[in-house]
Amino acid sequence: MRFRKTLSVVDCHAEGEVGKVVVGGVGQVPGQTMFDKKLYLEAHMDDIRKMVLFEPRGAAWHNANIILPSNNPEAAMGYVILESTEYPAMSGSNTMCVATVLLETGILPMQEPVTQLTLESPAGLIRVHCECKDGKVTSVKLVNQPAFCYHLDAKIEVEGLGTVNVDIAYGGMTFAVVDGTSLGFDIAPSEARQLCEVGEKIKAAAAEQLPVAYPGNPDMPGITITEITAPLRRENGQLIARNTCIVSPGRCDRSPCGTGSSARLAVLHAKGQIRPGEVLHHHSITGSRFICSIEGLAKVGDYPAVIPSVAGQAWITGLNQMGMDPTDPYPNGFTLTDTWLREF
Ligand SMILES: O=C(O)[C@H]1NCC[C@@H]1O
């Protein structure tokens with residue numbers, strides 16, 4: 001056996017959503033901030049994302065993260081997030097995996113019963129509150145960068161669906177948020193494939209018809225994901241809702257999606273349906289749950305914003321020395337349209 005690249009990967013999932021954590025083998029990534037490093041990886045080192053996420057090592061429903069030292073004196077560590085078709089600025093499930101791996105493998109010291117961390121994501125600093133017991137991280141609560149709405153109740157034309165009402169909101173990724181009931185969905189597991197087909201169409205139409213520009217950062221990705229929601233309900237004073245986020249190239253997030261939950265908090269707040277401090281139990285299509293809240297209010301450029309928190313749990317599933325043999329016929333992996341829907 002000889003490898004021309006070896007990556008040390010800790011396999012992990014947060015509430016069902018895979019978020020592998022690459023803890024070694026990448027080497028130096030130029031850039032002052034994690035956003036700079038994300039741009040560099042995207043432009044010059046995308047072979048790493050393809051090796052980890054494309055087949056035969058990865059799958060369409062995998063995400064990964066590269067742990068990198070941060071130049072920000074406030075941050076204990078930084079990370080760049082890799083997904084099937086993009087490098088998002090932020091991800092809730094991936095951040096839970098990163099924090100859990102950093103503490104459970106001893107890269108950063110764990111303090112029981114609570115370890116407070118500041119991590120640098122490409123979207124900015126993320127404060128993380130980890131509950132820890134007997135060497136295990138039992139909950140990761142992250143305070144996201146501000147989430148806000150670009151458009152509320154905008155109308156778009158979608159092939160096969162006609163006019164669709166959408167909210168466009170940023171929660172670390174930029175979402176087209178659509179009411180699933182109006183499209184005839186309950187957000188049930190049996191609807192997963194149809195939800196993905198509809199979600200991908202809505203995303204494409206929204207990105208074309210409602211261009212967005214993140215204040216002060218022209219390199220921030222635009223609309224890349226759809227969130228399909230079930231109605232918000234109140235039970236015994238508790239806000240509860242279900243959603244599924246359709247992650248490109250077209251599959252359901254297995255977790256309740258931390259950035260989608262953040263975007264939904266911004267939409268609910270803008271529509272007067274949640275107040276700061278209230279708690280939302282946000283469920284995924286698989287039945288897993290994040291506990292979400294609005295920690296405060298902010299502004300992003302001229303947009304009124306909320307500061308979201310999202311809490312969930314991650315579990316390490318394995319340790320992997322991932323290698324690339326020089327004779328491997330797929331140095332950049334491959335994607336087949338059965339599960340990837342198109343070739344990349
Ligand atoms: O939790 C999240 O924000 C995400 N899960 C996978 C896709 C999104 O990045």
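Analyst: Leaving out residues up to four places away in sequence, Lys-50 touches Asn-332 and Gly-333, where being in contact requires that two C-beta atoms, placed from the backbone, lie within 7 Å. The model is a predicted one, in which local features need pLDDT of at least 70 and side-chain atom pairs count only at pLDDT 80 or more, while totals for chains, interfaces and linings use all residues. Numbering starts from 1 along each chain, following the sequence as it is written.

Although Lys-50 and Asn-332 are 282 residues apart in sequence, their C-alpha atoms are 5.5 Å apart in space. Lys-50 belongs to helix 2; helices (H or I, at least four residues) and strands (E, at least two) are DSSP runs numbered from the N terminus. Lys-50 has 19 other C-beta atoms within 10 Å, and therefore counts as partly exposed; a residue is buried with 20 or more such atoms within 10 Å, exposed with 12 or fewer, and partly exposed in between, the C-beta atoms being placed from the backbone. The buried residues of helix 2, which covers residues 46–53, are Ile-48, Arg-49, Met-51, Val-52 and Leu-53. These buried residues pack against helix 1 (34–44) and against strand 1, strand 3, strand 4, strand 5 and strand 19 (314–324).

Some of those strands also pair with one another, which takes at least two bridges found by DSSP between them. Strand 1 (residues 5–14) and strand 3 (residues 20–24) run antiparallel and share three bridges, with Gly-24 of strand 3 as the bridge partner of Ser-8. Strand 3 pairs in the parallel sense, again over three bridges, with strand 4 (residues 64–68), and there Val-21 stands opposite Asn-65 of strand 4.

The ligand lies between the two domains, because domain 1 and domain 2 both give residues to the shell around it. Of the 14 residues that surround the ligand, the closest are Ser-91, Gly-92, Ser-93, Gly-258 and Thr-259; a residue is near a molecule if its C-beta atom, placed from the backbone, lies within 6 Å of it. Helix 3 and helix 5 are the elements that give two or more residues to this shell, and helix 3 gives the most, with three. By class, the shell has eight polar, four nonpolar and two charged residues.

In an unreviewed entry, UniProt lists Ser-91 and Cys-257 under "active site". Positions from UniProt follow the numbering used here, feature names are shortened, and annotations may be inferred rather than shown by experiment. Ser-91 sits in the loop between strand 5 (77–82) and helix 3 (92–104), and is buried, with 31 other C-beta atoms within 10 Å. Beyond its neighbours within four places in sequence, Ser-91 is in contact with Asn-63, Ile-81, Gly-172, Gly-258 and Thr-259. Cys-257 lies in the loop between strand 15 (251–252) and helix 5 (258–270), and counts as buried because it has 32 C-beta neighbours inside 10 Å. With neighbours within four places in sequence again left aside, Cys-257 is in contact with Gly-92, Ser-93 and Cys-245.

Notes:
Ala, Val, Leu, Ile, Met, Phe, Trp, Tyr, Cys and Pro count as nonpolar, Asp, Glu, Lys and Arg as charged, and the others, Gly among them, as polar. Domain bounds come from an automatic or database domain assignment.
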